[in-house]
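Here is a short report on one protein model. Look over the sequence and fold, then read on.

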Amino acid sequence: MESKFPKYVMIQTTSFCNGKCIFCPYGDVKSELPQGKMEWSLFRKIIDECSQHKNVERVMPYLMNEPLLDEGIVDKIDYIKEKNPQASVHLLTNGSLLNGELTKRLIKSRLDWIGISFHGIRKETLEKAMGIDFERTLTRICNFIEEAKRYRDIGEFIMVTFLKHSFLSDEEREETFNFWHEKGIKRISYFNAPISRAGNVKILPQIRHQQIFGCNSIWTDEMVHILYNGDIILCCMDWRREVVLGNVYNETIFDIWNGERKEVWKQVEGKKESPSDFICKRCEEAVLRV
């Protein structure tokens, strides 16, 4: 593996979330681990380093969180684009905080794409699955869509994502597709089932692999994940920060990516023996055969 810099960068500018999704580990880990907000100086350090590597294709200022809880998120989006004009800037939110002022600022910002996670289209379903207010959130999302139509191509700018969970019937799944299509949303991402996120969602079936030979997750060998405190973790499944590769307060992304990460990646690929409790051995995305 030659020295290189990640093409995709995920940054947790705040670790907090206002949702209570039944298929997410946040409800458990929020009280088990320290939480906080990334300092502006650290954020700038990260983005400034990214600007030195023109192979960076995408910067995502969200990770295991609700990014709109960061009151400086629009300024951060614009700073990313100012320093990395070649990179696409993406955001993923549950939409509950899309009030009028924030809606206008996001739409007029340099954000390239926004994904909205909304796991159903009926009040009881949504509130049981996500723990957020149905009417208020849906109204805000719909207002966001209508406002975006004035300035953006919403076919490119907005995606709605949802998954099959225990409260979502097949009938409601079709209702959900139809509702968003009628609103003009062309990009709808649907997943047939939730995953345990390497065993971190305790109510979902737990798995254990004896051997692993790689990872099937998207951009698996091309994306870096940076927590609010500067820690770089192995991937977005590592909710309990089991594999910390380094910290960008006192190291560069480049050095961590081409240093400790290389050694850990040998375990991911099965080229080096990994501990029996290695996170990838509990993950649905693991490659099980060469």
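## A buried serine

S109 is buried, at 8% relative accessible area. Buried means under 20% relative accessible area, exposed over 50%, and partly exposed in between, using a 1.4 Å probe and protein chains only. S109 sits in the loop between α4 (100-108) and β4 (113-117). Helices (H or I, at least four residues) and strands (E, at least two) are DSSP runs, numbered from the N terminus.

A polar atom of the S109 side chain lies 3.2 Å from the backbone nitrogen of L111. Leaving out residues up to four places away in sequence, S109 touches V74, I77, D78 and R152. Contact here means heavy atoms within 4.5 Å.

## Basis of the model

This is a predicted model: local features need pLDDT of at least 70, side-chain atom pairs count only at pLDDT 80 or more, and totals for chains, interfaces and linings use all residues. Residues are numbered from 1 along each chain as its sequence is written, and side-chain values use heavy atoms, with hydrogens and water left out.

## The sheet

Nine strands form an open sheet with mixed pairing. The order is β6-β5-β4-β3-β2-β1-β7-β8-β9. Its edge strands, β6 (187-191) and β9 (244-247), each pair on one side only. Neighbouring strands are turned by 25° against each other on average, direction ignored. Two strands pair if DSSP finds at least two bridges between them. Strands of a sheet pair through backbone hydrogen bonds, either parallel or antiparallel.

Strand β1 (residues 8-11) pairs in the parallel sense with β2 over three bridges and with β7 over four. V9 has V59 of β2 as its bridge partner. I11 has I226 of β7. Y8 and M10 point one way from β1, V9 and I11 the other way, and all are buried. Further along, β3 (residues 88-93) runs parallel to β4, joined by four bridges. L92 is bridged to G115 of β4. Helix α3 (residues 73-83) lies across β2 (58-60) and β3, at about 155° to β3. Axes are lines fitted to C-alpha atoms, for helices over the stretch in contact, and angles run from 0 to 180 degrees between N-to-C directions.

## The nonpolar core

A nonpolar core is a set of buried Ala, Val, Leu, Ile, Met, Phe, Trp, Tyr and Cys residues joined through side-chain atoms within 4.5 Å. The largest one has 86 residues, and I46, L106, I158 and W180 touch the most other members. Helix α6 (residues 134-149) gives the most to this core, with seven residues.

Beyond its neighbours within four places in sequence, L106 has contacts that include V74, I77, L111 and R152.

## A histidine and two cysteines

H209 lies in the loop between β6 and β7 (223-226). H209 is buried, at 14% relative accessibility. Its side chain reaches the backbone oxygen of C283 at 2.9 Å. Among the residues that H209 touches are C280, K281, R282 and L288.

How many disulfides are there? The count is zero, where a disulfide is a pair of cysteine sulfur atoms within 2.5 Å. For C21, the nearest cysteine sulfur is that of C24, 6.0 Å away. C21 is partly exposed at 23% relative accessible area, and C24 is partly exposed at 22%.

Technical notes:
Polar contact = N/O pair within 3.5 Å; in protein donor to acceptor, adjacent residues only side chain to side chain.
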